[in-house]
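Thanks for coming, everyone. Let me put the structure up, and then we will walk through its aromatic contacts and its overall build.

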Amino acid sequence: MFESDKALMLVHRYRAFLEKHIIPLEQGAIYGSFRAHLPALHALRAKAKEEGLFAPHLPVPHGGLGLSLVEFASISEVLGTSPLGHYVFNCNAPDIGNMELMHQFASPYLQETYLRPLELGEIRSCFAMTEPEHAGSNPVHMSTTAVREGDEYVINGHKWFTSSADGASFTIVMAVTNPSAENPYAKASMILVPLDTPGYRRIRNISIMGDEGEDYLSHSEVEFVNCRVPVSHLIGEEGSGFQLAQVRLGPGRIHHCMRWIGICERALGMMCDRAIERELNPGHSLAMQQTIQNWIAESAAEIKASRLLVLNTAHKIEKDGAKAAKEDISTIKFFVSDVLMKVIDRAIQVHGGLGITDDTLLSFWYRHERGARIYDGPDEVHKTVLAKSILKSRRG
């Protein structure tokens with residue numbers, strides 16, 4: 001219904017690349033040292049370029065495949081079956097969101113100096129918005145400021161969950177530039193800050209359920225103390241930060257949701273394999289238990305429903321724009337993140353004691369994907385958006 005012949009052909013190529021080159025590296029890179037595996041991962045990035053599979057989301061003139069949002073969604077699901085998939089093909093968050101944002105709103109100077117190396121996979125980036133002192137569910141409350149002094153912004157603030165800041169070359173920071181604006185959504189701006197700028201400091205990699213991570217696989221707490229950058233590093237117009245955030249988040253939720261569906265597919269496959277192989281008694285496997293069969297059937301149905309919801313939303317964004325798809329975007333965010341956690345939990349339960357060890361990827365996903373119901377707006381906020389829309393339509 002949604003998949004083009006081009007996307008179907010590419011799905012097979014990406015899946016073969018994953019199985020042959022990426023999956024064998026997973027255990028060491030995920031549970032060992034990610035940084036120690038960077039030479040091997042960079043070699044795979046080079047191979048992806050050689051095979052014409054690198055940066056599938058980018059336009060062809062920028063080294064990508066020129067895929068539509070719907071086509072890329074199908075690719076994102078396949079790449080999501082491995083924690084390393086999106087990274088190897090340079091379409092990983094937060095880089096992909098920063099690329100899309102800078103394509104539309106960054107100056108030619110910023111595009112040439114920072115966007116182009118990012119597109120080529122020569123550098124990484126991060127995005128600094130959430131603050132520990134304020135509820136992320138209501139981002140209009142923000143203490144980070146960028147005060148203009150001559151031709152510079154002086155930035156002061158405290159951020160956390162700045163994902164992948166460890167090893168990144170620059171961040172896009174959300175800071176208050178127009179504190180007196182009547183509209184609370186017109187107070188903040190997005191400003192690009194090179195991470196070698198004096199006054200910027202990465203305080204720590206935040207431990208996520210016992211795992212600090214490193215490099216790309218990390219979430220950092222950072223601070224800006226009298227951090228000065230040229231006014232030319234402003235992205236878009238001053239005071240347009242929240243508007244740009246919505247532009248960034250629309251397609252971003254498609255990317256996230258399809259990645260989550262890829263995780264679900266991998267977890268479901270692992271669940272089935274374990275159920276078939278594990279015997280309760282000689283000749284009597286877990287797969288013969290009705291409860292296990294119910295979990296497998298429910299997971300398969302929920303995955304299929306999730307996929308159709310997300311692809312339909314991607315189609316609507318392409319056809320009518322993200323604003324017209326606002327309720328659909330909220331729906332897929334809370335629906336798919338809930339399915340994700342259900343499927344991972346069922347897979348862990350079927351694996352028994354093995355499921356909570358680091359001998360499979362399930363424990364990694366359980367730790368790091370629990371945040372799916374929190375980041376990009378907590379599920380409760382998105383449910384409220386949808387419910388209000390439904391109630392409004394009923395009232396006429």
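Start with a cluster: ring pairs link Tyr14, Phe17 and Phe89. Rings here means those of Phe, Tyr and Trp (its six-membered ring), paired if their centres lie within 6.5 Å; planes under 30 degrees apart are stacked, over 60 edge-to-face, and the rest tilted.

A word on the source. This is a predicted model, where local features need pLDDT of at least 70, side-chain atom pairs count only at pLDDT 80 or more, and totals for chains, interfaces and linings use all residues. Residues are numbered from 1 along each chain as its sequence is written, and side-chain values use heavy atoms, with hydrogens and water left out.

How many aromatic pairs does a search of the whole structure find? Ten. Take Phe17 and Phe89. Their ring centres are 5.1 Å apart and their planes stand at 65 degrees, so this pair is edge-to-face. Phe17 lies in helix H1 (residues 5-22), while Phe89 lies in the loop between helix H5 (85-88) and helix H6 (95-105), so the pair ties together parts that are 72 residues apart in sequence.

Buried means under 20% relative accessible area, exposed means over 50%, and partly exposed is in between, using a 1.4 Å probe and protein chains only.

Next pair: Tyr114 and Phe170. The ring centres are 5.5 Å apart with planes at 65 degrees, so this pair is edge-to-face. It links distant parts of the chain, with Tyr114 in helix H7 (residues 108-119) and Phe170 in strand S4 (residues 170-176), 56 residues apart. Both Tyr114 and Phe170 are buried.

Now charges over rings. The charged end of Arg45 sits over the ring of Tyr87, 4.2 Å from its centre. Arg248 lies over the face of Phe127, at 4.0 Å from the ring centre. The rule: NZ of Lys or CZ of Arg must be within 6 Å of the ring centre and within 35 degrees of the ring normal.

Look at helix H4, residues 69-79. Eleven of its eleven residues are buried. Among them are Leu69, Glu71, Phe72 and Glu77. What covers the buried residues of H4 includes H1, H5, H6, helix H8 (241-277) and helix H9 (290-320).

Zoom out. The protein has twelve helices and eleven strands. Of its 396 residues, 51% count as buried. Among contacts between residues at least 6 apart in sequence, 74% join residues at least 24 apart. Contact means heavy atoms within 4.5 Å. The C-alpha atoms fill a box of roughly 80 × 60 × 40 Å, taken along the principal axes.

Last, the record. UniProt, in an unreviewed entry, places the feature "domain: Acyl-CoA dehydrogenase/oxidase N-terminal" at residues 5-118. That span is 65% helix and 0% strand, with its end C-alpha atoms 29 Å apart. The unreviewed entry's annotation "domain: Acyl-CoA dehydrogenase/oxidase C-terminal" covers residues 239-391. Residues 239-391 are 75% helix and 3% strand, and the end C-alpha atoms lie 32 Å apart. UniProt positions are given in the numbering used here, feature names are shortened, and annotations may be inferred rather than shown by experiment.

Conventions: Helices (H or I, at least four residues) and strands (E, at least two) are DSSP runs, numbered from the N terminus.
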